[in-house]
Amino acid sequence: MVIDTYSVPLTTIAKEFDLQVAFASTDYPSIRLTVADVARPGLQLAGYFDHFEPMRLQVLGNVETSYLEKLTEQERTVVFDRLFAYKFPALVIARNIQPGAECIAMAKKHNITVLRSSETTSTLISSIITYLRAALAPRITRHGVLMEVYGEGVLLIGESGIGKSEAAVELLKRGHRLIADDAVEIRKVSGGSLIGTAPELIRNYVELRGIGIINVAKLFGMGAVKAENEVNLVVNIVPWNTQEVYDRLGLEDQYMEILGVKIPMNTIPITPGRNLAVILEVAAMNNRQRKMGYNPALEFTDQINRHFEQDMGKSS
């Protein structure tokens with residue numbers, strides 16, 4: 001399975017955070033950010049460039065500006081000449097501070113974009129990092145259906161034609177929400193969290209064999225769709241096989257690993273007449289209970305064991 005890698009255009013960041021262009025490099029429209037980290041080049045202004053990462057967006061604030069103001073014009077020219085030589089994506093100056101003449105002159109010399117923001121430095125940096133981490137997160141696309149059921153993100157997988165979309169429609173009728181049908185784009189936004197969404201082209205649409213494509217938002221209302229949701233549970237829908245032994249108590253913990261994250265999984269065998277939507281609702285509620293520390297299978301097993309121990313005590 002191929003993991004997609006993404007980049008974010010610098011122009012998108014400028015638009016998203018209302019950054020004003022103080023100087024646009026000749027390649028400004030084509031610059032793309034590939035790392036989520038943002039740096040403040042304090043030590044670099046003083047001449048220390050060990051471990052400097054030129055792939056990061058660089059941000060100047062009050063501290064750096066006050067330091068630069070104590071330097072002579074010639075010293076500032078040398079500082080910016082040395083800094084811009086590293087060819088990083090852009091320099092962003094926070095707090096609506098005007099870039100100095102030396103800064104613009106060296107930016108033009110090295111063809112580096114300079115942007116301005118009215119936000120405070122810490123707010124700007126944290127906001128950009130949060131945005132970039134979501135936009136650049138590792139991601140894959142899985143065949144399946146993602147539904148929000150009682151607040152739980154339930155990813156339905158199984159062979160084509162087994163009834164995933166039909167189950168999704170039944171869940172929609174019962175008041176639950178659709179995130180994606182057929183193709184689910186999954187992003188790893190943190191160490192143990194996966195966010196699922198639908199590709200833009202097929203968002204809010206469901207394919208039903210024999211009927212065709214339906215628009216869920218228009219047919220069931222806007223409350224029936226959701227842009228994205230965390231993936232909390234995977235349900236693998238399989239045809240009933242009389243030769244297969246299925247877990248009847250729920251003592252066996254099943255997981256599916258997606259992007260290095262282990263997600264709880266239930267395997268549900270189906271036969272004609274089984275109400276799959278109700279089963280999926282129970283699976284979602286049971287998964288939430290387990291996350292809150294309650295496991296009915298273990299409770300039931302303990303109860304049975306105590307019963308047999310009491311009977312053995314009486315017989316002895």
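Leaving aside its neighbours within four places in sequence, which residues is Met147 in contact with? Select Met147 and look for Glu152, Gly153, Val154, Ala168, Leu171, Leu172, His176, Arg177, Leu178 and Ile179. Contact here means heavy atoms within 4.5 Å.

Before moving on, note that this is a predicted model, in which local features need pLDDT of at least 70 and side-chain atom pairs count only at pLDDT 80 or more, while totals for chains, interfaces and linings use all residues. Residues are numbered from 1 along each chain as its sequence is written, and side-chain values use heavy atoms, with hydrogens and water left out.

**The cores**

Met147, Leu156, Val235 and Leu280 touch the most other members of the largest nonpolar core, which has 29 residues. Such a core is a set of buried Ala, Val, Leu, Ile, Met, Phe, Trp, Tyr and Cys residues joined through side-chain atoms within 4.5 Å; buried means under 20% relative accessible area with a 1.4 Å probe, protein chains only. Nonpolar side chains tend to be buried together in soluble globular proteins. Apart from this core lies another, of 23 residues, including Leu19, Leu57, Ala90 and Leu132.

**The sheet of 8 strands**

Helices (H or I, at least four residues) and strands (E, at least two) are DSSP runs, numbered from the N terminus. Two strands pair if DSSP finds at least two bridges between them. Now show the open sheet with the order β14-β11-β10-β8-β9-β15-β17-β16, where the pairing is mixed. β14 (228-230) and β16 (254-258) are the edge strands; each has a single partner, so one side of each is left without a neighbour in the sheet.

Next, select β10 (residues 177-190) and β11 (residues 193-197), which run antiparallel and are joined by 5 bridges. Ser190 stands opposite Ser193 in β11.

Strands β6 (residues 90-93) and β7 (residues 113-116) pair in the parallel sense over 4 bridges. Ala90 stands opposite Thr113 in β7.

**Two helices**

Finish with helices α4 and α5: Glu73, Arg76, Thr77, Phe80, Asp81 and Phe84 in α4 meet Glu102, Cys103, Met106, Ala107, Lys109 and His110 in α5.

Terms used. Buried < 20%, exposed > 50% of the residue type's maximum accessible area, 1.4 Å probe, protein only.
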